Amino acid sequence: MRTVVVTGAATGIGRAVAESFHAAGDRVVLTGRRRELLGTAASELGGAAKAVTFDAADAAAVTAALQELPERVDVLVNNAGGNTDFDRDAPVTLADTAAAWRANLDANLLSAVLVTTALRDRLAPGASVVNIGSIAADKGAGSYGAAKAGLASWTVDLAGQLGPHDVTVNTVAPGYVADTEFFRDKLDDDRRRSLVDSALTRRPSRPHDIAAAVAFLAGPGARQITGQMIAVNGGEHTTR
Ligand SMILES: NC(=O)c1ccc[n+]([C@@H]2O[C@H](COP(=O)([O-])OP(=O)(O)OC[C@H]3O[C@@H](n4cnc5c(N)ncnc54)[C@H](OP(=O)(O)O)[C@@H]3O)[C@@H](O)[C@H]2O)c1
């Protein structure tokens, strides 16, 4: 039985990722900030699922959570994040701009760096780290896209460090994924339609589409895939 840690696992993509590993018979640790929601998600999974509540972008909170996190980790999915601009007013002052950029860098880049660094010595030989990036890293989206581009860059660096220890590190970069809390209440019908129309498949991704790619990268067929950014976006942005 593998032990899998999924950050941001109470909702959306993280929840689907946790469900898919749990269905495969793995022991899953779900993390996030909202204790009650996380507890409900873990108890709905049942069996070998556990909830650990902490803010992945807070170094002290991650350190404190270490005692509740498993001693040996086979799969780490750094999924916690989102576009923090959706939770803030548009910046007016330069200080607002600095705070807005730091919020996205903290939520999407530092969160993965802190949790991975904290668990680094617990990653078993044969382990996989999968980061959840975004199409925004390639298409642009202010500080959010820049943070996800940073995550993709750091993926390459970390893959080089952990490769000799038989640990793979990859990023899955989704396009528009429906059935998540990502957009808060900011996605109107026109914008939703234009996102769907820009996918070659003419449908939104669903959390299970992303979970399937994560499961593959964490599986035995992907041991020679590392340092990569794998796009799961219905062809909205194509790589060659
Ligand atoms: N939905 C899309 O269209 C889309 C597209 C591309 C990439 N993504 C990426 O996919 C990932 C998952 O997002 P989602 O779409 O599933 O949206 P979501 O439903 O909002 O899920 C994000 C989860 O991350 C948790 N989280 C956020 N910041 C955290 C922190 N500092 N510490 C711990 N947990 C944190 C949230 O729970 P708490 O608030 O309780 O902590 C939430 O459960 C994100 O990295 C996002 O950037 C999403």
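How much accessible surface does the protein have, and what percentage of it belongs to carbon and sulfur atoms? The accessible surface comes to about 11500 Å², and carbon and sulfur atoms hold 52% of that area. The model is predicted.

**Figure 1. Overall fold of the predicted model.** The protein has eight helices and seven strands. Its radius of gyration is 17 Å, close to the 18 Å given by the globule rule for 240 residues, so the protein is as compact as a globular protein of that length. The C-alpha trace spans about 45 × 40 × 35 Å along its principal axes. Of the 240 residues, 48% are buried. Take the contacts between residues at least 6 apart in sequence: 71% of them join residues at least 24 apart.

**Figure 2. The aromatic cluster.** Five aromatic pairs occur in the structure. Ring pairs link Phe86, Tyr144, Tyr176, Phe182 and Phe183 into a cluster.

**Figure 3. The pair of Phe86 and Phe183.** These two rings are tilted, 5.8 Å centre to centre, with 45° between the planes. Phe86 sits in the loop between strand 4 (73-78) and helix 4 (94-119). Phe183 sits in the loop between strand 6 (168-174) and helix 7 (189-197). The pair therefore ties together parts that are 97 residues apart in sequence.

**Figure 4. The pair of Tyr176 and Phe183.** This pair is edge-to-face: 5.6 Å centre to centre, 70° between the planes. Both Tyr176 and Phe183 are buried. Phe183 has a relative accessible area of 16%.

**Figure 5. Charges of the protein.** There are 24 positive and 27 negative charges. Their mean positions are 3 Å apart.

Definitions and conventions
Residues are numbered from 1 along each chain as its sequence is written. This is a predicted model: local features need pLDDT of at least 70, side-chain atom pairs count only at pLDDT 80 or more; totals for chains, interfaces and linings use all residues. Side-chain values use heavy atoms; hydrogens and water are left out. Rings of Phe, Tyr and Trp (its six-membered ring) pair if their centres lie within 6.5 Å; planes under 30 degrees apart count as stacked, over 60 as edge-to-face and the rest as tilted. Helices (H or I, at least four residues) and strands (E, at least two) are DSSP runs, numbered from the N terminus. Buried means under 20% relative accessible area, exposed over 50%, partly exposed in between (1.4 Å probe, protein chains only). The radius of gyration is taken over C-alpha atoms; the globule rule is 2.2 Å times the number of residues to the power 0.38. Contact means heavy atoms within 4.5 Å. Accessible areas come from the Shrake-Rupley method with a 1.4 Å probe; for residues, only the protein chains shown count as cover. Lys and Arg count as positive and Asp and Glu as negative; His and the chain ends are not counted. The place of a charge is taken as NZ of Lys, CZ of Arg, CG of Asp or CD of Glu.
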